[in-house]
Amino acid sequence: MTLTPPSPHQDDRLSAAPAGRALPARAAGVSSIAGVAFLLLLVLLHLIRPDVSTSWQTTSEYALGEFGWLMVVAFLLSAVGYGALAIALLVRPRRLPARIGAVILAIVAVGTVVGGVFVTDPIDTPQDQLSTSGTLHGLGAGLALMFLPVAALLITAGLTRDSAFSTVKRGLWWTAVLPPAALVMFMVAQTVLLKGGGFGPDVPIGWPERLLVLAYAAWQIIVARIVSRRTVR
């Protein structure tokens with residue numbers, strides 16, 4: 001019996017398969033690590049910056065004053081998390097909704113970078129007195145705020161049609177509900193609490209905003225871990 005050695009082309013195909021899975025798995029792993037690092041840094045800022053009220057000031061205001069650079073780093077870590085997850089989803093063939101969602105997620109990453117690089121103004125600053133940095137921060141953060149739930153739903157719609165994710169469909173959908181539900185909660189809370197007035201110590205928007213940030217980060221970390229594990233199979 002004669003054994004025929006594999007051709008060079010077969011060797012190339014065999015080596016290309018693991019390599020094709022390596023990049024998205026690594027990118028998803030980076031996304032997960034960046035998301036966890038973002039949350040840990042945010043917790044640290046809550047501990048070392050008691051001057052920022054958790055009741056009526058948003059997390060963006062940790063970028064003002066002492067240790068403000070840590071909040072800038074936190075924003076950039078969050079952007080890395082979103083961007084790396086977008087790469088993990090785009091470098092392998094996916095269903096169209098997942099690919100569209102990944103592109104939107106990349107836009108979210110860009111918005112998060114803008115929100116981090118340009119520091120916010122204090123939340124009670126009148127609209128006609130906003131600085132250029134504060135205005136750009138609002139545009140970047142607002143872009144990420146509004147687009148992430150759309151990305152989450154589209155990515156989930158695409159992944160759940162993929163046989164590799166068939167056993168985690170329910171978990172993916174439950175996770176996908178977090179961002180839009182948190183956004184609706186935040187917008188309703190903001191509408192009810194403002195009542196035609198401006199932000200200030202009497203408007204406890206701080207905790208709804210923190211729950212929103214937590215929901216967004218939780219979605220990103222969970223999906224990144226699932227994508228990383230399912231990609232290497």
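The second largest pocket in this predicted model has a volume of about 190 Å³. A pocket here is an open set of points on a 1 Å grid over the protein atoms alone, where a 1.4 Å probe fits, with protein on both sides within 12 Å along at least five of seven lines; lining residues have an atom within 4 Å of a point. The volume is the space filled by probe spheres set on the points, which are joined across faces, edges and corners.

This second largest pocket is lined by Leu39, Leu42, Val43, His46, Thr59, Trp207, Arg210, Leu211, Val213 and Leu214. Helix H1 (8-48) and H6 are the elements that give two or more residues to this lining, and H6 contributes the largest share, 5 residues. Helices are DSSP runs (H or I, at least four residues), numbered from the N terminus.

The largest pocket has a volume of about 1100 Å³. Its lining comprises 42 residues, and Thr58, Ser60, His137, Ala141 and Gly142 lie nearest the centre. H4 provides the largest share of this lining, 9 residues.

Helix H4 (residues 132-159) has 28 residues and should span 40 Å at 1.5 Å a residue, which agrees with its end C-alpha atoms being 40 Å apart; the expected span is 1.5 Å times one less than the number of residues. A kink of about 35° lies in H4 at Phe147, shortly before the proline Pro149. The bend is the angle between axes fitted to the seven residues ending at a residue and the seven starting there.

Residues are numbered from 1 along each chain as its sequence is written. Local features need pLDDT of at least 70, side-chain atom pairs count only at pLDDT 80 or more, and totals for chains, interfaces and linings use all residues, while side-chain values use heavy atoms, with hydrogens and water left out.
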